[in-house]
Amino acid sequence: MIKVEHLVKRYGNRNVVDDLTFTVEKGQIVGFLGPNGAGKSTTMNMITGYISATEGTIEIDGVDIFDEPEKAKKKIGYLPEMPPLYPDMLVREYLSFVCDIKKVKRDKKDAMISKVMRRAKITDVSERLIKNLSKGYKQRVGIAGAMVGDPEILIFDEPTRGIDVGAKNEIYKLMNRLAAEGKSIIMISSEMTEVLRMSDRIIVMCEGKITGNIDISEATQEHIMNHATRNIN
């Protein structure tokens, strides 16, 4: 579903992202692990078409993100580290706004809003102002927004940072359900235990480079922990 080859992002003389090559397959949850400044979010901003690449290619389900950005972006739902929520909007009102941005057809909008609210378990707060919600509910509103349009690829940047254990577990369950339906999911996190718990494969980044690409099914937990710790410290 996602194919990245020799991806580079350079600012001045510094490669913030340095020659990345990897794939994400249908139905996989791939965890991106690394310290702050490793280049994880910059990589995702290129995959989603928010910023250009200095070198390299990105294909989204066979579509080049740089050659056909509009077509490729329709296939992606993105929750950035700071969700772009409007605190003075009602939850339903915000999701209606997202539907308009994503060009959901008018006759399908109500059904789409109901679907993503039900999936993210936020129907009970649909008529509340976003600014009055807990951090966990705000994250789920952001995830619901990412799911609008039913994209095949979902990218979540630090989706559980700063929320309690119960709210984290709800997000984990949702991600597992989405992957079981065939969605391709990238989860960016600086928490090793979270990535180990959720991912089918872990990509470790440090100083803009991939320092590990580990298939969970083929490695022991001790090997994964040792490798990841060695490369992010």
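Which residues does Val24 touch, not counting residues up to four places away in sequence? The close-ups below take this up along with other places in the model. This is a predicted model, where local features need pLDDT of at least 70 and side-chain atom pairs count only at pLDDT 80 or more, while totals for chains, interfaces and linings use all residues. Residues are numbered from 1 along each chain as its sequence is written, and side-chain values use heavy atoms, with hydrogens and water left out.

**View 1. Val24 and its contacts.** Val24 lies in strand E2 (residues 14-24); helices (H or I, at least four residues) and strands (E, at least two) are DSSP runs, numbered from the N terminus. Val24 touches Met1, Ile2, Val30, Ser184, Ile185, Ile186 and Arg201, not counting residues up to four places away in sequence; contact means heavy atoms within 4.5 Å. Val24 has a relative accessible area of 0%, so it is buried (under 20% relative accessible area; exposed is over 50%, partly exposed in between; 1.4 Å probe, protein chains only).

**View 2. Strand E3 and its partners E8 and E9.** Five of the five residues of E3 (residues 29-33) are buried. Ile29, Gly31 and Leu33 point one way, and Val30 and Phe32 point the other way. E3 pairs with strand E8 (residues 184-189) in the parallel sense over five bridges; two strands pair if DSSP finds at least two bridges between them. Look for Ile29 with its bridge partner Ile185 in E8. Four bridges join E3 to strand E9 (residues 201-206), also in parallel, and here Phe32 stands opposite Ile203.

**View 3. Ser126 in a loop.** Ser126 sits between helix H4 (106-120) and helix H5 (135-147). Ser126 counts as buried because its relative accessibility is 7%. A polar atom of its side chain lies 3.2 Å from the backbone oxygen of Thr123. Leaving aside neighbours within four places in sequence, Ser126 is in contact with Leu90, Val91, Arg92 and Met117.

**View 4. The largest cavity.** A cavity is a set of points, on a 1 Å grid over the protein atoms alone, where a 1.4 Å probe fits but cannot get out; lining residues have an atom within 4 Å of a point. The largest cavity holds about 80 Å³ of space, a volume being the space filled by probe spheres set on the points, which are joined across faces, edges and corners. Among its lining residues are Lys115, Val116 and Met147. H4 gives the largest share of this lining, three residues.

Note on methods. Polar contact = N/O pair within 3.5 Å; in protein donor to acceptor, adjacent residues only side chain to side chain. 1 Å grid on protein atoms, 1.4 Å probe; cavity = no way out; pocket = protein on both sides within 12 Å on 5 of 7 lines; lining within 4 Å.
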